[in-house]
Amino acid sequence: MGAQKKSASTVAARTSDDPEELARVPLQAVLLADSFTTKFRPITLERPKVLLPLANVPMIEYALAWLESVGVEEVFVFCCAHAKQVTNYLQSSPWFSQPNFSVATIESHNSVSAGDALRLIYERNVIHGDFILISGDTLSNMSLTRALQEHRERKKKDSNAVMTMVIKRSKLSPVTQQSRLGTDELFMAIDPDTKQLLFYEENTHHLKGTLSLDKTLLIDNPSITLHNDMQDCFIDICSPEVLSLFTDNFDYQHLRRHFVKGLLVDDIMGYKIYTHEIHSSYAARVDNYRSYDTISKDIIQRWTYPLVPDVLLLGSSATKLEREGIYRASEIVQSRSAQIGPLTVIGNNTRIGNNTTIANSVIGKGCSIGSNVLIEGSYIWDNVTVEDGCQLRHSIVCDRVVMKSGSVLSPGVVLSFKVVVGQNVTVPTYSKVSLLLQPTKQDSDEELEYADNNSDVEASSIAGTHNNLNGELTSDLSEMQGSATEELGSGGVGYIWSICEGASEEEWRHSIAPVPAEKLVELSQTMDDDLDFSNQDGNAPASSGELKPGGVSDSDDEDGDANNDSAYFEKEVVFQYSIAYKDVFPIFLNNTANFSLQVEATFLRAVHENVKVDHVILEVNSLKLSYNMEFAACAGAIFYSMLKLALGTPYNSSAELYNAVINVINTWQRLLKSYLSGKDEEIEIILKFEEMCSESAKELSPLFTKILCLLYDKDMISEDAILDWESEKKYAEESDRVFVKQAEKFLQWLREASEEED
């Protein structure tokens, strides 16, 4: 699938090599306003994904705001599905009148893939130099200066360096083997010196524990680093050759699966892709419902600053940030008895009734929320009516939905536009409900959308909805499926889509609902079984992500000539791994340090995503098994993570820091106690605390005795553990007895109390 040689000459004719000429070419961007996927159905049958609200702001706003901030001067927005909606939105927005920032749309009703889109853009001859390629559902606050500079410098030295991909570290859950964005495991092989991308494999669960690397990777590269802890940010810096490569290869459809992997295996033209890793900046793509939930929470917690609700002002209403991450529009009506919990956004002209509780949720504009309503971890879009006594947990509710009194949405429910849920009806977990019938014929790769001129569905009854379908979707009612409206109760309007055969197992992976506890237990058990199997396997790899030709054993070579390099490379190199070793690849630390980092990442994710303690215990148990750690190591790592969380809370005095420690311990004491099975684990806590006060967290030093007393009062550390710790320090050097001396009065009190008991 090699590119034809005409590509280079064609591009050379269209672009200048003169540096001064190149300097005058404005920085351009191509924004794909179509995802070409079906993951957000049924919602995207009526509205394009880039116009769906993310913390009450359309996704495309975040992408355009970032492009303007990094110095892009011309943006070409490619529209396919619902092109008229996207075009009308942009034409009525301020983006069409911004100085020094030009936004133009390119429409196509025949394109079914990113490859088709880029081929059409090439034909239009609008790109004249390096350009940014981004999806309209991507959000970032990174600076592009360094990445652009690296790309251009490489291009000067090597004309075949046609693309730079932005990547970011992202730990997988050891239990679900997913990132926090709900994406599956991604493997990359990268040259650690040049940052050239050498291998790219996504959705590796089908490999069943074996990853095959081409032998030329080890022949041509002194060393490679294999990563499974990288997130593809879907922000690419491209040379114009990228467009011509798509034009010359019509089998390139998918940007990663076809183009990137095609270039990596093409040994004829020699085109190269490089990576640029970001660290403190934010970049993520809304790929599924879980990533929609995660990125929304990141926005609310201001990881995406300045792309946050109180800065991105749309319309005349301002949104103000209050304590505990609560954002309120200026014009809302809220009952005094209503409670608004942390990490919540309330849109303009919304009314909230008596005794209603809302937490960790986003409420759109013009909504009417009745009395005694519970909304938790949900996303309510514009002009939604929720009557008295309703309950919504971890659900998405689109515009103009009506929930009648007493109705309940189970976790993972998606209600598309204008659905009506009847009185006292409970919608089952993971249900997707729409006014539109469910097509039985779905392409797994491209989104087959409804016609633009009929996409604003105004169906007065379910019986007439099939008349609004696009000519491309000509299936009659016999070819469509959906549950009768009676399942939504008396007065209910909508169809509950059935879960496709074989897809029910995957619903929990991409839902905004937390992974069920029983599923975590099942996955944890599977992981334990795989670990037992891997421990019996003599081919378990070393805990390093760096592979070198000389360091790979060839004992399985049938010729038995381990010293013959040519014989060694006669066969494909197969790198075997088990679940227990996956997260170890990219870490160049000892096993204990790596384990502590993994526990800390798990704990912080639990804090930010409000994960239940029972689920955190399951994940830590899985890490404990994977790294073959004792309970003491778990307790120490968790306590360390808890104190770091307290240190990350703003404080102006030792008293405020102590209060922060109290709050963290009160919240997470059950998690820590789960690993304090005896005196040894309790002593480990004291030693870890002592180490932090001496080295990494000296701010806690003056509070050592007070926090030690707190742990004793909370029955987390026993009297025997504290006195044994003192005894161990009896003959230590003076520098190791600093905190024993500081706690002398407390220790004396414990000794006297012990003697009285005797």
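Tutor: Helices (H or I, at least four residues) and strands (E, at least two) are DSSP runs, numbered from the N terminus. This is a predicted model, where local features need pLDDT of at least 70 and side-chain atom pairs count only at pLDDT 80 or more, while totals for chains, interfaces and linings use all residues. Residues are numbered from 1 along each chain as its sequence is written, and side-chain values use heavy atoms, with hydrogens and water left out.

Student: How many residues of α3 are buried?

Tutor: 9 of its 11 residues, so α3 is mostly covered. Buried means under 20% relative accessible area, exposed over 50%, and partly exposed in between (1.4 Å probe, protein chains only). The buried ones are M59, I60, E61, Y62, A63, L64, A65, W66 and L67. Just after α3 comes G71, with a positive phi of about 95 degrees.

Student: Do β1 and β6 run parallel or antiparallel, and how many bridges join them?

Tutor: Strand β1 (residues 28-32) and strand β6 (residues 131-135) run parallel, joined by 5 bridges. In that pairing, Q28 stands opposite F131 in β6. As background, strands of a sheet pair through backbone hydrogen bonds, either parallel or antiparallel.

Student: Zooming out, how many helices and strands does the protein chain have?

Tutor: The chain has 23 helices and 40 strands. Of its 758 residues, 55% count as buried. The accessible surface comes to about 33,100 Å², and 47% of that belongs to carbon and sulfur atoms. That area comes from the Shrake-Rupley method with a 1.4 Å probe; for residues, only the protein chains shown count as cover.

Student: And what share of contacts between residues at least 6 apart in sequence join residues at least 24 apart?

Tutor: 62% of them.

Student: New topic: at what angle do helix α16 and helix α18 cross?

Tutor: The axes of α16 (residues 613-627) and α18 (residues 654-673) cross at roughly 40 degrees and come within 10 Å. The two helices are therefore oblique to each other. For the cut-offs, angles under 35 degrees count as roughly parallel, over 145 as roughly antiparallel, 65 to 115 as roughly perpendicular and the rest as oblique.

Student: Which residues meet there?

Tutor: From α16, V613, D614, V616 and I617 meet W668, R670 and L671 in α18.

Student: What about A660, is it buried or exposed?

Tutor: A660, which lies in helix α18, counts as buried because its relative accessibility is 9%. Leaving aside neighbours within four places in sequence, A660 is in contact with A646 and T649. A660 and L647 are 13 residues apart in sequence and 7.7 Å apart in space, C-alpha to C-alpha.

Student: Nice. How many residues of helix α8 are buried?

Tutor: 8 of its 8 residues, in the stretch 241-248. Among them are E241, L245 and F246.

Student: What's the phi of H82?

Tutor: H82 has a positive phi of about 55 degrees, although it is not a glycine. H82 belongs to the loop between β4 and α4 (83-91) and is buried, with a relative accessible area of 1%.

Student: And where is F234?

Tutor: F234 is in strand β13. Its phi is near 60 degrees, a positive value in a residue other than glycine. F234 is partly exposed, with a relative accessible area of 21%.

How values were computed:
Contact means heavy atoms within 4.5 Å. Two strands pair if DSSP finds at least two bridges between them. Axes are lines fitted to C-alpha atoms, for helices over the stretch in contact, and angles run from 0 to 180 degrees between N-to-C directions.
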